[in-house]
Amino acid sequence: MMFTAPADEKELQAALSQADERTYLIAGGTDLLIHLQNRKETDCSFIDLTKVKELQGIREEKDWIDIGALVTMTELCASPLVKEELRALYLAAYHLGSEQIRNRATLGGAIANASQSSDCSVVLFAYGALVEIFSAQGERRKVPMDQFIKGREKTCLDRGEAVSRILIPRQERSSMFGKVGARKAVTIAKINCAMDFRMEEGLIQKASIYLGAVGVKPVEARLLENYFQGKSFAEIALQDVQELGKEEVEKAIPTRPSRFYKRVAVQGLLEDMIGALP
Amino acid sequence: MKIRAVVNGAAVEKEIDGSKRLIDFLREDLGLTGTKEGCSEGECGACTVILNGEAVPSCLVLAGQIQGGEILTIEGLEKNGELDLLQKKFISHGAIQCGFCTPGFLMSAKALFMKNPHPSSEEIRRAIEGNICRCTGYIKIVEAIEDAAKEME
């Protein structure tokens, strides 16, 4: 077993160029170590990303909010910029896991693990985020979230690549996140949803809405998007939204046994979310 | 690898396999067996320790990741033979039954007090939401922490 902890991108590059099929990138470890344990994998090497300085911090840029892959859920919750401008991401981070998990779990890890019920993924899909990937060659490429996550626990990351930053486009927005789990706290979503609205003079100019845990990756809820388009929040009728939500679930998982539960659960979820809109 | 860290206020330097878990490093290499292993997947909170001022599940941190950091475990709460206020309150409120979850609860509560000396009831509940107790029903634990918070005012 090997353990290396690069301090910057240069050292990371060197570590990545030596990665083989048994090398794992670790940040918070809250998903990875459980996976390795379940698979009874012990003969592996680790590249610890947590010391790489270029992967830290939240940067406010003119057109983007640029979040380092190592930013933890706790750091997201503590950022006034995230709380003010990225309400859905704030809520997803706030309700994720427990205090101990939020202190370790990172945004980069959340998407690199590509869990089908990931709360952060569904939010980043709705925001139309870009994922910046850093390679052993020192190159950077940017991939839209919906191309980054390819399926259940599958991403477009190649060996020798790491998620370095996540870029969220800025706009006049109102966003919302909600989830339904088996209990109130420390729960994995049975169904979750993120909504991102581009607002203009109080009207929804463009709606981007995704449902999570109803497929191998977040699913765009086009019926809901069309419904919201052009309306003000006051014009939204909960019953219409719930009916469309039910249809979306039927469409996304027509054969899964969980559809009977989820097409009802989605209505409660939408009621919570619509109730929390400004 | 050579690991350098401060554990319960004392500098520690040891040649270890950086890819072992922090809980194994604490229990096996340092003999600090007060930290308990419950679920091994970050759900139960029994193995909670404080790393650089934050409560973390020591079953999901690799020992190599604490390089240069500062760790506080249950063994570090007692000062000069005197228990920490939280420990005293757990005892006087009967917030302990079998005791297996207790070190984890105490470290979660301690981490909260280090960040926020005057927490509300809501903040206390949120801080220990990642700790599971199968004996007490939580009420006495919350009361013990609330009482400690009150006494610190």
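Student: Which strand of chain A is the place of Leu167(A)?
Tutor: This is a predicted model. Look along chain A to residues 161-169. Leu167(A) has its place there, in strand S10.

Student: Is Leu167(A) buried or exposed?
Tutor: The relative accessibility of Leu167(A) is 6%. Buried means under 20%. Therefore Leu167(A) counts as buried.

Student: How many Å apart in space are Leu167(A) and Ser98(A)?
Tutor: Start with the sequence, where Leu167(A) and Ser98(A) are 69 residues apart. Then go from C-alpha to C-alpha. In space, Leu167(A) and Ser98(A) are 26 Å apart.

Student: What is the phi of Ala213(A)?
Tutor: Most residues other than glycine have a negative phi. Ala213(A) is a residue other than glycine, yet its phi is positive. The value for Ala213(A) is near 65 degrees.

Student: Where is Ala213(A) found, and is it buried or exposed?
Tutor: Ala213(A) is in the loop between strand S13 (203-212) and strand S14 (219-220) of chain A. Its relative accessible area is 5%. The cut-off for buried is under 20%, so Ala213(A) is buried.

Student: What is the phi of Asn8(B), and where is its place?
Tutor: Asn8(B) is not a glycine, but its phi is positive, at about 50 degrees. Strand S1 (2-7) of chain B comes on one side and strand S2 (10-15) on the other. The place of Asn8(B) is the loop between S1 and S2.

Student: Is Asn8(B) buried, partly exposed or exposed?
Tutor: Asn8(B) has 24% relative accessibility. Buried needs under 20% and exposed needs over 50%. Asn8(B) falls in between, so it counts as partly exposed.

Student: How many salt bridges are there over all chains?
Tutor: The rule pairs a side-chain nitrogen of Lys or Arg with a carboxyl oxygen of Asp or Glu, within 4 Å. Over all chains, the count by this rule comes to 30 salt bridges.

Student: In the salt bridge of Arg59(A) with Asp66(A), which residue is buried?
Tutor: The closest N and O atoms of Arg59(A) and Asp66(A) are 3.5 Å apart. Arg59(A) is partly exposed at 38% relative accessibility.

Student: What is the N to O distance between Arg140(A) and Glu132(A)?
Tutor: Arg140(A) is partly exposed, with 46% relative accessible area. Glu132(A) is buried, with 9%. Their side chains meet in a salt bridge, N to O, at 3.6 Å.

Student: Which parts of chain B does the pair Lys110(B) and Asp84(B) tie together?
Tutor: The side chains of Lys110(B) and Asp84(B) meet in a salt bridge of 2.9 Å, N to O. These parts are 26 residues apart in sequence. The pair ties together helix H3 (residues 102-115) and the loop between strand S5 (70-72) and H2.

Student: Is Gly81(B) buried or exposed?
Tutor: Gly81(B) lies in the loop between S5 and H2 of chain B. Its relative accessible area is 65%. The cut-off is over 50%, so Gly81(B) is exposed.

Student: Which residues form the nonpolar patch with about 240 Å² of accessible area together?
Tutor: Begin at helix H2 (residues 85-92) of chain B, where Ile91(B) is found. Ile91(B) is exposed, with a relative accessible area of 52%. The patch on the surface is formed by Leu83(B), Ile91(B) and Ile96(B).

Student: Which residues lie nearest the centre of the second largest pocket?
Tutor: This pocket has a volume of about 830 Å³. Its lining has 32 residues. Nearest its centre lie His95(A), Lys184(A), Ala185(A), Val186(A) and Glu129(B).

Student: How many charged residues are in the lining of the second largest pocket?
Tutor: Sort the lining by class. It has 14 nonpolar and seven polar residues. The charged residues number eleven.

Note on methods
Residues are numbered from 1 along each chain as its sequence is written. Chains are lettered from A and ligands numbered from 1 in the order in which they are written. This is a predicted model: local features need pLDDT of at least 70, side-chain atom pairs count only at pLDDT 80 or more; totals for chains, interfaces and linings use all residues. Side-chain values use heavy atoms; hydrogens and water are left out. On a 1 Å grid over the protein atoms alone, a cavity is a set of points where a 1.4 Å probe fits but cannot get out, and a pocket is an open set with protein on both sides within 12 Å along at least five of seven lines; lining residues have an atom within 4 Å of a point. Grid points are joined across faces, edges and corners, and a volume is the space filled by probe spheres set on the points. Ala, Val, Leu, Ile, Met, Phe, Trp, Tyr, Cys and Pro count as nonpolar, Asp, Glu, Lys and Arg as charged, and the others, Gly among them, as polar. Patches are made of residues with over 30% relative accessible area and no salt bridge: like charges are joined within 9 Å, nonpolar side chains (Val, Leu, Ile, Met, Phe, Trp, Tyr) within 5 Å. Accessible areas come from the Shrake-Rupley method with a 1.4 Å probe; for residues, only the protein chains shown count as cover. Helices (H or I, at least four residues) and strands (E, at least two) are DSSP runs, numbered from the N terminus. Buried means under 20% relative accessible area, exposed over 50%, partly exposed in between (1.4 Å probe, protein chains only).
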